[in-house]
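I opened this model to look up a few local features. These are my notes, in the order I took them.

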Amino acid sequence: MLVVLCVSLLLVAIDATVLHVAVPAVSEDLRPGATELLWIVDAYPLAAAALLILFGTLGDRVGRRRVLLLGYGLFGVASAVAAFAPSPLVLIGARVLLGVGGAMIMPATLSILRQVFPDRRERAMAIGVWSAVAAVGAAVGPLLGGFLLEHFWWGSVFLVNIPLMVVSLPVGRLLLPESTGDRDGPWDLLGAATAAAGVLGLVLGVKHAGAGPGPAHPAALVPLLGGCLMLYLFVRRQKRIKHPLVDMAMFSRPAFGTSVGCIVVAMLALVGLELVAAQYLQLVLGLSPLETGLRLLPLTFAAMAAGLAGSRMLHRLGPRLMVALGFLLTASAVLGLTVMGQHDRPLVLAAGFLVLGFGLETTLFGAYESMLNEAPAEQAGGAAAIGETSYQLGAGIGIALLGSVMNAAYAPGVLEARGVPGPARNDAAHSIGEAYEVAGQLGGAAGETLRAAARTAFVHGLHATLVVSAVLLFLGALAALRLPRTAEPAPGTGLAPAAPAAPGGSGGSGGATAPDPAPAAGSGESAAPGERKQQPGPGTAPRTGGPQAVPGADGGIGAQRGHGLSPAQTVRR
């Protein structure tokens, strides 16, 4: 069962990043305009981010497995359309459908895990497996894309989804149990649409603010203000109606709101830093895209290790110390990376990336687990959607904020370059990539002077970005002090307390589990308060004995979620 859900996450995480390496091939074949190319890349994460809350809460009403299987089918069909798209508009439409399918899959998998495995100790063990898979997906995406492009055409990066989705549909129907939340009252369609419009406006505005002239430009300001207005109306409506999509009272619990904030801060630092680091490795050190991906692998491997060790750390340290320690480790790694200059120091970079990956995954693991533990069972889909949405927002804000810091520190150094014509300096001040193009056009001593000035200015901007990131991470560590000291079930969530591990066990399947609550009539298991009993899929024997437990969260670096970084992408998730 966990394998089926992890495969789902793997596909979504890969699809969020695999297209980045195929953009040149797509441009050469389909000849999209600049705006069309932007939408080919951004359509998937925008659609996914906007619809997470809608489909997460819909799954609570109509059935989480049902939404998940529909997402599988849509993802497979959209992949086939994208692979054979004859024009940019068809490819953009297919990417939108992929985002819709991803929005159906991501919160459904998390909420199913939350319901199937209520024991917190076992759930934490499975979150480790889950996050390790997410980290693998983020790393595999660009590497798989590069391999396929060397041997096939660009559409092959989408075709790899189809065989796995064809297998996942029948296997998921057989193995995954169906579950729903409280079905009292109608599903709030207006509220779902308002939330989707609000998140879409916010994410779109943040993206424009990071890529354009800044947040004050109408292209960024209008969607930002519109998104904030729609989200305000959504929150106001949820507080007033009898049967809300999302119980806003969850945010009154310090652990829930703090966990969501920690996810945003962690992703903000990760995505922005990874984007800047990739530019540094390629444009300053002169590494190829493949060499850059390999240099970033230590970050992924460290994230995998932290995910697999997360359960033990959670129960030994508790959420408060675990998340705070993760932030502090990450901040120390970020400050250590300020030694990066114009000369390659591979061992120092590898060590920094190792600590960075371990620290960030530790933070994300503890924050996701705490967030889902605080959510009532009947609100599992909505809580999972909030977590995934905060992940996407954190990634977008990270690119915008840290990108702005980088640009502010980079531009003055280029504008002050001596011996370079004024118009050339102005063009080169936009980015280091443009500076190299202008330097190539100038040639001679002026070109070399401009190239050297751009490298020096970029390294200065990198150091400023690292310092700002470290400050944000230290603030995140302070915020984490609001989390619970110990890993105990939250009141009113319907979770049984985790029992001590059996001798020699670590809280996994070999550890003791808490006794079952009073079983429902004729059943070997019970439903959490407000939660409808899970129904096994066709051909699946009912589970007996104590509650099973697993992931409740996708704490991996880079999945994405497009979500993600691959940050811009996360390394994750």
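I looked up the exposure of Thr-449 and got 32% relative accessibility, so Thr-449 counts as partly exposed. I am reading a predicted model here, not an experimental one. I placed Thr-449 in helix H18, which runs over residues 444-479. I then asked what Thr-449 touches once its neighbours within four places in sequence are left aside. I found Arg-418 and Val-420 in contact with Thr-449. I also noted Ala-417, which is 32 residues away from Thr-449 along the chain, with 7.3 Å between the two C-alpha atoms.

Entry two: a helix pair. I took helix H4 (residues 64-83) and helix H8 (residues 161-175) and looked up how their axes run. The axes come within 9 Å and cross at roughly 160°. That angle is over 145 degrees, so I put H4 and H8 down as roughly antiparallel to each other. I recorded the crossing of H4 with H8 as left-handed.

I listed the residues that make this contact. From H4 they are Arg-65, Leu-69, Tyr-72, Gly-73, Phe-75, Gly-76, Ser-79 and Ala-80. From H8 they are Asn-161, Ile-162, Met-165, Ser-168, Leu-169, Gly-172 and Arg-173. I sorted the residues of the H4 and H8 contact by type and got seven nonpolar, six polar and two charged.

How many aromatic pairs does a search of the whole structure find? I got two.

I took the pair of Phe-84 and Trp-153 and noted 5.7 Å centre to centre, with 35° between the planes, which makes the pair tilted. I checked where the partners sit: Phe-84 is in the loop between H4 and helix H5 (88-116), and Trp-153 is in the loop between helix H6 (120-151) and helix H7 (156-159). The two residues are 69 apart, and I wrote the pair down as a link between distant parts of the chain. Phe-84 has a relative accessible area of 56%, so I marked Phe-84 as exposed. Trp-153 has 36% relative accessibility, so I marked Trp-153 as partly exposed.

I then turned to Trp-154 and Phe-158, whose ring centres are 6.5 Å apart. Their planes stand at 90°, so I logged the pair as edge-to-face.

Technical notes. Residues numbered from 1 in each chain as written. Predicted model: local features only at pLDDT ≥ 70, side-chain atom pairs only at ≥ 80, totals over all residues. Heavy atoms only, no water. Helix = DSSP H or I, 4+ residues; strand = E, 2+ residues; numbered from the N terminus. Buried < 20%, exposed > 50% of the residue type's maximum accessible area, 1.4 Å probe, protein only. Contact = heavy atoms within 4.5 Å. Axes fitted to C-alpha atoms, helices over the stretch in contact; angles between N-to-C directions. Parallel < 35°, antiparallel > 145°, perpendicular 65-115°, else oblique. Left-handed = near helix turned anticlockwise from the far one by under 90°. Nonpolar A, V, L, I, M, F, W, Y, C, P; charged D, E, K, R; others polar. Phe/Tyr/Trp six-rings, centres within 6.5 Å; stacked < 30°, edge-to-face > 60°.
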